[in-house]
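Hello,

I am handing over the structure below for you to look at. My notes on what was found in it follow.

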Amino acid sequence: MKQSPSPNFNARAATVALNAVVIHYTGMKTAQEALARMCDAESKVSAHYMIDEDGAITQMVDEKNRAWHAGASFWRGVTDMNSASMGIELVNPGHEFGYRLFPTAQIMALCDLLHGIIQRHSLNAKTCLLAHSDIAPSRKQDPGELFPWAYLAQQGLGAWPEPAEQDYETPRQTEATALLSQIGYDITAPDDALTAFQRRFHPENITGVANLETIARLRAYKKSVG
Ligand SMILES: [Zn+2]
C-alpha cells in the first residue's frame with residue numbers, strides 16, 4: 001500500500017460511534033489530479049484511502065483520524081458522518097467527466113480493504129456500507145449506478161434486497177418515504193432520497209418515483225438490515 005499523507009484531517013468526535021464506511025468516486029479526470037487535491041491543505045478535503053483502477057491503494061489519512069470526505073450529510077440521525085465513518089475514494093471520472101465501469105481489479109482491492117476495516121473496527125458488515133449519495137442525496141450521485149453493490153453483498157459486504165412474494169402485495173406509495181427514513185435516509189427531500197435508494201438498489205429504474213419493484217426492494221432491504 002502506498003502512503004500519501006494528507007494534512008486534511010482532525011480527531012474524530014468522541015461522542016459519535018464509528019460505524020460506517022462511505023464509498024465515493026473521485027469524479028476527476030485523472031487519479032493524480034484527485035490525489036493532489038486530497039493532499040492539498042487548501043482544498044480541505046481528503047479520504048482515508050484512494051483505490052486506482054488497477055487496484056493500487058493509497059492511504060492518505062490514518063484510520064483513527066477523521067478524514068474530510070462526507071461534507072454536509074445525514075444518516076440515521078447523525079450529521080457528523082466524517083466522525084462516524086471511513087472514506088474510500090474509487091478512481092473514476094464520474095458523471096461529469098465520463099462515468100465508466102469500475103474495473104474488477106479495483107473492486108477486488110476494495111473488497112480486501114473493506115474486510116480488513118470491518119474486522120479492525122468490529123463494524124456491522126451488513127449495515128456499515130454507504131454510498132456518498134445515501135448520506136447526501138440532494139448533492140451527490142457517487143459512487144453511482146455502475147457500482148456493483150450486488151456483487152459486494154455476495155462477498156458479505158452490505159446487503160442486497162431480495163424481495164419475497166409478500167413484499168409485492170398492496171403497494172402503498174406513501175410507504176416509501178417512511179421506509180427510507182427508517183433505513184436511515186434524510187427525507188427532507190423525499191424524491192432525492194428515493195432516487196439515491198434506486199441508484200444503489202434499483203439501478204435500472206432511477207426515476208425518483210417508487211414503482212412496485214422499488215417498494216418491494218425497500219421493504220426487503222428494511223427487513224434485511226433491521
Ligand atoms: Zn463523494
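Six of the six residues of strand E7 are buried, so E7 is largely enclosed by the rest of the structure. A residue is buried if 20 or more other C-beta atoms lie within 10 Å of its own, exposed if 12 or fewer, and partly exposed in between, with C-beta atoms placed from the backbone. Ser85, Gly87 and Glu89 point one way from E7, while Met86, Ile88 and Leu90 point the other way. In a regular strand the side chains alternate between the two faces of the sheet.

This is a predicted model, in which local features need pLDDT of at least 70 and side-chain atom pairs count only at pLDDT 80 or more, while totals for chains, interfaces and linings use all residues. Residues are numbered from 1 along each chain as its sequence is written.

Helices (H or I, at least four residues) and strands (E, at least two) are DSSP runs, numbered from the N terminus. By that count the chain has nine helices and eight strands. Its radius of gyration is 17 Å, close to the 17 Å that the globule rule gives for 226 residues, so the chain is as compact as a globular protein of that length. The radius is taken over C-alpha atoms, and the globule rule is 2.2 Å times the number of residues to the power 0.38. The C-alpha trace spans about 55 × 40 × 30 Å along its principal axes. Of the 226 residues, 42% count as buried.

Next, the sheet. Six strands form an open sheet with mixed pairing, in the order E1-E5-E4-E7-E3-E8; two strands pair if DSSP finds at least two bridges between them. Strand E1 (2-3) and strand E8 (129-131) stand at the edges with a single partner strand each, so one side of each is left without a neighbour in the sheet. Strand E3 (residues 20-25) runs parallel to E8, joined by three bridges, and valine 22 stands opposite leucine 130 in E8. Helix H4 (residues 104-120) packs on the sheet and touches E3, strand E4 (49-51), strand E5 (57-59) and strand E7 (85-90). The direction of H4 makes about 170° with that of E7; axes are lines fitted to C-alpha atoms, for helices over the stretch in contact, and angles run from 0 to 180 degrees between N-to-C directions.

E7 has E3 joined to it in parallel by six bridges, with valine 21 opposite methionine 86. E4 and E7 also pair in the parallel sense, over three bridges, and tyrosine 49 has isoleucine 88 as its bridge partner in E7.

The domain assignment gives domain 1 (2-154) and domain 2 (165-225); such bounds come from an automatic or database assignment. Their C-alpha centres lie 24 Å apart. In domain 1, 14 residues are in contact with 14 residues of domain 2, where contact means that C-beta atoms, placed from the backbone, lie within 7 Å.

The peptide bond from aspartate 142 to proline 143 is cis, with omega near 5°, and proline 143 is in the loop between helix H5 (132-135) and helix H6 (149-154). Arginine 76 is not a glycine but has a positive phi of about 45°; this arginine is partly exposed, with 17 other C-beta atoms within 10 Å. Serine 122, in the loop between H4 and E8, has a positive phi near 50° and counts as exposed, with 8 C-beta neighbours inside 10 Å.

Regards

Definitions and conventions
Contact = placed C-beta atoms within 7 Å.
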